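This briefing concerns the structure shown below. It is arranged by topic, from single residues to the contact between chains.

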Amino acid sequence: MIKVPQTLSAETAGALNALISESDRFRDWNSAEIQTLVRAVEKLQKVDAREAFVRFGALAAICGDVDGVFEYYKKALLLPDVLETKHEFWTSLLNAGLYGKAQEIGSWLLDAKRGFFQKVWQQAVAAGQVLEVWNRLSDAKRTYPELSELDFSSVENAVAVMRAHGLTDSDIGSVLDLMGEIQRAHSIMFSGVFVSILRVMRPPEDPPYIYFTIQLDASVDEIHALNRELARLVVERLPEGSYPQGMVASFAKAYPVELRAAA
Amino acid sequence: MAAPEDFFSQAIKQLASAAGDLDYRLVIGRAYYAAYHAANQFEERLPRRSQVIVQNAGAHENLLQRLERPDGRLDYGLKVISKDIAAQLRMLKPLRELADYELKETIRVDQAEEAIRTAKDVLAECNKARPKLKASQSK
């Protein structure tokens, strides 16, 4: 019977989600709560290796273990059901703050024929794939007519601003990657359902630009320390030592009522 | 006469007695202008000023872009300070615009506190640059 593996799979997924709901802080791989789950996933591995590698990857992600995430991703990709594997690892990459890498898988998932567009487009925009979502939208609408009932005007507005500045998704990804690096250094995942909140800013005196905020469940002091670190990394690492033209991003305090990242 | 530090002191005072959305907006505005004026004074005192001019943009965006793209012949340390001030001011600018223009938004105390912290760091960075500016002016 396959009842046992299904139960194990559901149990480990539930336990992972419970961990994330409890706190956005990265965990220690050697902690009791993680090791208990590792043992459960090892049992799962005997009946469904792919599911197990996906769960190990998710665990590595919430421990901020970048190498671990990629190692389990490679193993899972060798097994059948690559579609689900990519979708699940995409979420893990986002939880680990590996936004640029997540964009690569996101492009693949956004192809309408893969069947994930409806599930992933909002998160893809939040992870900086604004142009990718917009460019795939007409195809996706042909495949899923119900998408025509949704309001994509915020994406359209952001796209217009990006085009005016020559801003690309990978430009945004390069900034979000710095933020992910800082998040891992501070052991904190994004808070809420979406990686970031995207706004189009239209100050009367200056050209419009797009503004990403990654919401964190942290103190004002810590948020500011992260933003200070971000400014330093922008200068050190980004081309020209500045934000790409037409965008800015920063960390902001999330309120407890906001939903947290889901595994 | 007023100095950037006066705007900053005002922001601190307003935060101490702030009771809600409108007060937080005022705090953010004062904190932003403390940082903006300090950054502007820093940029004006540079021995070699950036020639970047952005058409169809106002004084704020033009200042940011001059700070982001300083003159190539400028002292390395001053270039880094210039870009660092720009990166911080970039993060502060949308808070000020939300506070001043987006009346349907609810402005929170943590945003006001973040604005004050960022302004404080911009002022500190500008002060850090003073000896370098003096040294470069005396050459």
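**A buried glutamine and its surroundings**

Gln123(A) counts as buried, at 11% relative accessibility; buried here means under 20% relative accessible area, exposed means over 50%, and partly exposed lies in between, with a 1.4 Å probe and protein chains only. The model is predicted: local features need pLDDT of at least 70, side-chain atom pairs count only at pLDDT 80 or more, and totals for chains, interfaces and linings use all residues. Residues are numbered from 1 along each chain as its sequence is written, chains are lettered from A and ligands numbered from 1 in the order in which they are written, and side-chain values use heavy atoms, with hydrogens and water left out.

- Gln123(A) belongs to helix H7 (residues 117-126) of chain A; helices (H or I, at least four residues) and strands (E, at least two) are DSSP runs numbered from the N terminus.
- The side chain of Gln123(A) reaches the backbone oxygen of Val193(A) at 3.0 Å.
- Leaving aside neighbours within four places in sequence, Gln123(A) is in contact (heavy atoms within 4.5 Å) with Trp90(A), Leu94(A), Phe190(A), Val193(A), Phe194(A) and Val195(A).

- Thr85(A) lies in helix H5 of chain A and is buried, at 0% relative accessibility.
- The side chain of Thr85(A) reaches the backbone oxygen of Asp81(A) at 3.1 Å.
- Not counting residues up to four places away in sequence, Thr85(A) touches Arg50(A), Val54(A), Tyr73(A), Ala76(A) and Leu77(A).
- Arg50(A), in turn, forms a salt bridge with Glu88(A) through their side chains (3.4 Å, N to O); a salt bridge is a side-chain nitrogen of Lys or Arg within 4 Å of a carboxyl oxygen of Asp or Glu.
- Arg50(A) lies in helix H3 (residues 49-62) and Glu88(A) in helix H5 (residues 82-95) of chain A, so the pair ties together parts that are 38 residues apart in sequence.
- Arg50(A) is buried, with a relative accessible area of 9%, whereas Glu88(A) is partly exposed, at 21%.

**Salt bridges and cysteines**

- Over all chains, a search of the whole structure finds 34 salt bridges.
- Within chain A, the side chains of Arg27(A) and Glu22(A) meet in a salt bridge (3.8 Å, N to O).
- Arg27(A) is buried, with a relative accessible area of 10%, whereas Glu22(A) is exposed, at 57%.
- The structure holds zero disulfides over all chains, a disulfide being a pair of cysteine sulfur atoms within 2.5 Å.
- Cys63(A) is buried, with a relative accessible area of 14%, and Cys126(B) is buried, at 8%.

**The contact between chains A and B**

- Chain B and chain A bury about 2600 Å² between them, 53% of it on carbon and sulfur atoms; buried area is the accessible area (1.4 Å probe) that two parts lose on being put together, summed over both.
- Chain B contributes 31 residues to the contact and chain A contributes 30 residues.
- Between chain B and chain A the count is seven salt bridges.
- There are also 16 residue pairs in polar contact between chain B and chain A, both residues at pLDDT 80 or more; a polar contact is a pair of N or O atoms within 3.5 Å, where within protein one must be able to donate a hydrogen and the other to accept it, and residues adjacent in sequence count only if both atoms are side-chain atoms.
- Helix H3 (59-68), helix H4 (76-101) and H5 of chain B each supply at least two residues of the side of chain B that touches chain A.
- H4(B) gives the largest share of that side, 14 residues.
- By class, the side of chain B that touches chain A has eight nonpolar, six polar and 17 charged residues; Ala, Val, Leu, Ile, Met, Phe, Trp, Tyr, Cys and Pro count as nonpolar, Asp, Glu, Lys and Arg as charged, and the others, Gly among them, as polar.

**Individual residues between the chains**

- The side chains of Arg228(A) and Asp121(B) meet in a salt bridge (3.7 Å, N to O).
- Arg228(A) lies in helix H11 (residues 220-237) of chain A and Asp121(B) in helix H5 (residues 109-138) of chain B, so the pair joins two chains.
- Arg228(A) is partly exposed, with a relative accessible area of 22%.
- A network of salt bridges links Arg228(A), Asp84(B), Asp121(B), Glu125(B) and Lys128(B).
- Asp221(A) and Arg117(B) also meet in a salt bridge through their side chains (2.6 Å, N to O).
- Glu240(A), in the loop between H11 and strand S3 (247-253) of chain A, is exposed, with a relative accessible area of 55%.
- Not counting residues up to four places away in sequence, Glu240(A) touches Glu68(B), Arg69(B) and Lys83(B).
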